[in-house]
Amino acid sequence: MHISEGVLSWPVLAGGAAIAAAAVGVGLRRLPDERIPVAGLLCALFFVAALIHIPVGIASVHLVLNGLCGVLLGWAAFPVIAAALTLQALLFGFGGLSTLGVNILVMGVPALIAAAAFRAPWPRSAALRGAVCGALAIVCGVLLMALALWLSGGAAFASLIGMVMLAHLPVIAIEAAMTAAIVGSLQRARPALLQFRVSA
């Protein structure tokens, strides 16, 4: 889901960087001290999940776990995702530094959407809500990536956008299953980790 260097237009890059910086700032202010160990663990999981990735044109397909980050951290998912993406760009060249802001938004905004969706009064099963949120985060991320590409190149990226969406179908299923399993286990063992206000 990383967008590579040299693809997006400068207005998209600049706008993405500014919005991402603001979102990371909000996330840092809304990260309670007791959630810092969870944030560190999720940052490591997010970092490792993307190490096995399949290049698809000017993007890549890999596990993201942004839905899980959102469910457990809310706004604080932004600094977690930003830290992991920065390390991936510096150490492995995934994405790039110029696209860092846009990539943070492509993965961070869906995490926040997943956080809000998880706290909706449906369904009662935490595992089922986790599955929906895991899948929803990937779908929203792909749509945001498509939007960034469309704003930068319009019709020139039309065929590539379709290919990226198709390539992420297996990821949607895997993320739904993984998020459901983890959230279901936490609901049984540590339900307090699933209980916090997204806007707190």
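Colleague: What is the handedness of the crossing where H6 passes H8?

Modeller: A crossing is left-handed if the near helix is turned anticlockwise from the far one by less than a right angle, and right-handed if clockwise. H6 passes H8 in a right-handed crossing. The model is predicted: local features need pLDDT of at least 70, side-chain atom pairs pLDDT 80 or more, while totals for chains, interfaces and linings use all residues. Residues count from 1 along each chain as its sequence is written, and side-chain values use heavy atoms, without hydrogens and water.

Colleague: At roughly what angle do the axes of H6 and H8 cross?

Modeller: Axes are lines fitted to C-alpha atoms, for helices over the stretch in contact, with angles from 0 to 180 degrees between N-to-C directions. Helices are DSSP runs (H or I, at least four residues), numbered from the N terminus. The axes of H6 and H8 (residues 169-189) come within 7 Å and cross at roughly 145°.

Colleague: Which residues of H6 and H8 meet?

Modeller: Contact means heavy atoms within 4.5 Å. Among those meeting are Gly130 and Gly134 in H6, and Glu175 and Thr179 in H8.

Colleague: Which residues line the largest pocket?

Modeller: On a 1 Å grid over the protein atoms alone, a pocket is an open set of points where a 1.4 Å probe fits, with protein on both sides within 12 Å along at least five of seven lines; lining residues have an atom within 4 Å of a point. Here the lining includes Val12, Ile19, Val106 and Leu147. Helices H1 (10-29), H5 and H6 (126-153) each supply at least two lining residues.
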